[in-house]
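Q: Hi, I have a protein chain open here and I'm new to this. Could you walk me through it?

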Amino acid sequence: MTTAKKTTAAGRQGFKTGEAVVYPAHGVGRITAIEEQEIAGYKLELFVVSFEKDKMVLRVPTAKANSVGMRKLAEPELVKKALDVLTGRARVKRTMWSRRAQEYEAKINSGDLISVTEVVRDLYRSEAQPEQSYSERQLYEAALDRVVREISSVNRITETEALKLIEQSLAKSPRRAKADAESEADAEGDDDVQEEAA
């Protein structure tokens, strides 16, 4: 009997009730319970993971948690690294959009904070830049939502504060700074033209 208890504890892989976790396909959730169910004559221990924002509950077999990619929240050091990734230059491959979209989707669903952050960096558009297509916008918002939720959980701040941190990092990107400077120069140029016309 004691060996079964030990196996169960080991099968939980360090996850506890009440703990926030990241599930690759859905982002940040919270383990609300660990329950046992009998399925086809086998007793199965399950993590009950609640995603409050999505109004969804997921049951993950404790033995499969690692293989499905469920993980603990990132360490504060990794969050800092993710924010640094946002200040870098966007890396956009010159391949067809459908191929890039698949790659972005795979990164988002990997559950890896740095990979998801790279999608945010690569798909971000400032006001000075051209509009995004609908599918680009969908992928950007999905990635942004995942990063916002994880940063707010790790840093124990609101999602609004986490979004501000992300936007501040994106504003430091070399492309962003250049685009903003150009749009300001264009605006000043427009003023000169209007003065000459007057």
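**A tour of the chain**

A: Happy to! The chain holds seven helices and five strands. Keep in mind that this is a predicted model.

Q: Okay, next topic: the core. How many residues does the largest nonpolar core have?
A: The largest nonpolar core has 27 residues. V79, V120, Y140, V147, I151, I166 and L170 have the most contacts inside it.

Q: Which elements give two or more residues to this core?
A: Those are α2, α3 (97–110), α4, α5 (134–155) and α6 (159–171). The largest share is from α5, which supplies eight residues.

Q: You listed I151. What is I151 in contact with?
A: Setting aside neighbours within four places in sequence, I151 is in contact with V79, L83, R156, I157, A162, L165 and I166.

Q: And what does the second, separate core include?
A: That second core has eleven residues, and F15, I31, F51 and A65 are among them.

Q: Let's look at helix pairs. How do α5 and α6 pack?
A: Their axes are 8 Å apart, and the angle between α5 and α6 is about 115°. The crossing of these two helices, α5 and α6, is right-handed.

Q: Which residues meet there?
A: From α5 you have Y140, L144, V147, V148, R149, I151, S152 and N155. They meet E159, A162, L163, L165, I166 and L170 of α6. By class, this contact of α5 with α6 has ten nonpolar, two polar and two charged residues.

Q: Now α2 and α4. At what angle do their axes cross?
A: The axes of α2 (residues 76–86) and α4 (residues 113–123) cross at roughly 25° and come within 9 Å. Angles under 35 degrees count as roughly parallel, so α2 and α4 are roughly parallel to each other. Their crossing, α2 with α4, is right-handed.

Q: Who makes that contact?
A: On the α2 side, L78, V79, K81, A82, V85 and L86 take part. On the α4 side, the residues are L113, I114, T117, E118, V120 and R121. The residues of this contact of α2 with α4 divide into eight nonpolar, one polar and three charged.

Q: Why is α4 largely enclosed by the rest of the structure?
A: Because eleven of the eleven residues of α4 are buried. The buried residues of α4 include S115, V116, V119, D122 and L123.

Q: Last one: A82. Buried or exposed?
A: A82 counts as buried because its relative accessibility is 0%, and buried means under 20%. A82 is found in helix α2.

Q: What is A82 in contact with, leaving aside its neighbours within four places in sequence?
A: A82 is then in contact with L113, I114 and T117. Also, the C-alpha atoms of A82 and I166 are separated by 9.3 Å, with the two residues 84 residues apart along the chain.

Methods: Residues numbered from 1 in each chain as written. Predicted model: local features only at pLDDT ≥ 70, side-chain atom pairs only at ≥ 80, totals over all residues. Heavy atoms only, no water. Axes fitted to C-alpha atoms, helices over the stretch in contact; angles between N-to-C directions. Helix = DSSP H or I, 4+ residues; strand = E, 2+ residues; numbered from the N terminus. Parallel < 35°, antiparallel > 145°, perpendicular 65-115°, else oblique. Left-handed = near helix turned anticlockwise from the far one by under 90°. Contact = heavy atoms within 4.5 Å. Nonpolar A, V, L, I, M, F, W, Y, C, P; charged D, E, K, R; others polar. Core = buried A, V, L, I, M, F, W, Y, C linked by side-chain atoms within 4.5 Å. Buried < 20%, exposed > 50% of the residue type's maximum accessible area, 1.4 Å probe, protein only.
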